Amino acid sequence: MSVPALRAIRERFPAARISVLAKPWVADLYGRESFIDEIILYSGESPWRTGHELRARRFDCAILLQNAFEAAWIAWLARIPARIGYKRDGRQLLLTRAVDVPKPGEIPRHERFYYLELLRRAGLIDALPACEAIRLQRGSAPDGRPVIGVSPGAAYGTAKRWLPERFAEAAGALATARGASIALFGSKAERELCENVARRLNGHQVTNYAGQTTLAQFIDLASGCELFLTNDSGAMHIASALGVPTVAIFGATDDTTTGPTGWNARVVRQPVDCSPCLLRECPIDHRCMTGVSAERVVKEALELLEN
């Protein structure tokens with residue numbers, strides 16, 4: 001969600017040296033992008049030590065895309081003269097430019113605009129872009145048989161997950177239609193979920209990468225997919241941002257705020273009165289997900305590829 005804002009910072013300061021302070025688990029997301037010069041890893045163990053280490057670097061400005069007090073404290077400890085961030089989490093006294101948080105309805109709903117609006121209110125950009133899609137640097141697609149990527153998990157909770165048997169049904173139908181193999185992706189905790197999907201795909205060439213890749217490796221593998229099927233998840237955001245045609249099944253969450261962006265993504269959801277509920281677990285019958293058929297997802301995916 002922060003990538004459009006980071007690109008805007010580079011456009012505003014084309015000659016600056018831009019460093020991103022990032023936790024190790026997400027650092028690979030930024031490492032391949034041309035809008036930054038350096039990644040500084042932050043383990044989270046000692047804000048005090050990190051702040052003092054940054055002080056020696058003599059940074060001119062810190063733009064805090066995080067809302068946390070900790071981020072402002074680190075920048076203050078680093079004695080960075082310009083410290084810009086939203087006025088949240090009781091940290092305004094640590095900032096040199098504490099920006100008012102946008103009220104509902106003041107900016108477009110999608111979360112990427114929240115970070116762009118920080119830059120606008122701080123005077124770093126003149127206006128919000130009309131439609132700034134989230135994009136990452138895509139690698140070259142491998143030669144050979146096309147690959148259908150599938151990410152059946154979702155970290156927030158089971159309410160966000162489409163049924164594994166329907167992922168298998170849709171992936172199998174698409175693999176047959178496209179002459180493709182299937183790659184399953186997920187975290188180590190989602191290994192068994194992906195195995196469940198794989199067991200239903202007899203007769204297809206399937207590789208289960210769940211828990212076997214770094215973030216950088218996942219980005220490379222996802223970049224080579226012809227199509228990506230997914231729930232609302234981090235994998236969805238990455239695949240879509242890479243420009244891979246992406247079909248995302250939404251239920252408990254709101255695609256207008258956290259959905260994929262750009263022409264190459266489609267959201268499939270079943271309109272029900274209780275959705276989006278934003279709950280981790282469904283307290284009733286999961287109708288928002290059970291109402292989405294595999295046939296419907298296959299149809300959307302094939303139309304997306306044809307267009």
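R280 lies over the face of Y156, 4.3 Å from the ring centre. Here "over" has a set meaning: NZ of Lys or CZ of Arg within 6 Å of the ring centre and within 35 degrees of the ring normal. Keep in mind that this is a predicted model, where local features need pLDDT of at least 70, side-chain atom pairs count only at pLDDT 80 or more, and totals for chains, interfaces and linings use all residues. Residues are numbered from 1 along each chain as its sequence is written, and side-chain values use heavy atoms, with hydrogens and water left out.

**Rings and charges**

- Searching the whole structure turns up eight aromatic pairs (Phe, Tyr or Trp rings, the six-membered one for Trp, with centres within 6.5 Å; planes under 30 degrees apart are stacked, over 60 edge-to-face, the rest tilted).
- W162 and F167 make an edge-to-face pair, because their planes are at 75°, with ring centres 5.0 Å apart.
- W162 is buried at 2% relative accessible area, and F167 is buried at 0% (buried is under 20%, exposed over 50%, partly exposed in between, using a 1.4 Å probe and protein chains only).
- F185 and F228 are stacked, 5.8 Å centre to centre with 20° between the planes.
- That pair links distant parts of the chain: F185 is in the loop between strand 7 and helix 7 (191-199), F228 is in strand 9 (residues 227-231), and they are 43 residues apart.
- F185 is buried, at 2% relative accessible area, and so is F228, at 0%.
- Ring pairs join F185 and F228 with Y209 and F218 in a cluster.

**The nonpolar core**

- The largest nonpolar core has 43 residues, and Y30, F218 and F228 touch the most other members (a core is a set of buried Ala, Val, Leu, Ile, Met, Phe, Trp, Tyr and Cys residues joined through side-chain atoms within 4.5 Å).
- Elements that each supply at least two residues of this core include helix 1 (3-12), strand 1 (19-22), helix 2 (24-31) and helix 9 (234-241) (helices are DSSP runs of H or I, at least four residues; strands are runs of E, at least two; both are numbered from the N terminus).
- Helix 5 gives the largest share of the core, six residues.

- Helix 9 is largely enclosed by the rest of the structure, because six of its eight residues are buried.
- Those buried residues are A235, M236, I238, A239, S240 and A241.
- After helix 9 comes G243, with a positive phi near 90°.
- G224 is in the loop between helix 8 and strand 9, and counts as buried at 17% relative accessibility.

- A pocket is an open set of points on a 1 Å grid over the protein atoms alone, where a 1.4 Å probe fits, with protein on both sides within 12 Å along at least five of seven lines; lining residues have an atom within 4 Å of a point.
- Of its 13 lining residues, V147, S181, A183, Y209 and L221 are the closest to the centre.
- Strand 7 (181-184) and helix 8 (215-223) each give two or more lining residues, and strand 7 has the largest share, with three.
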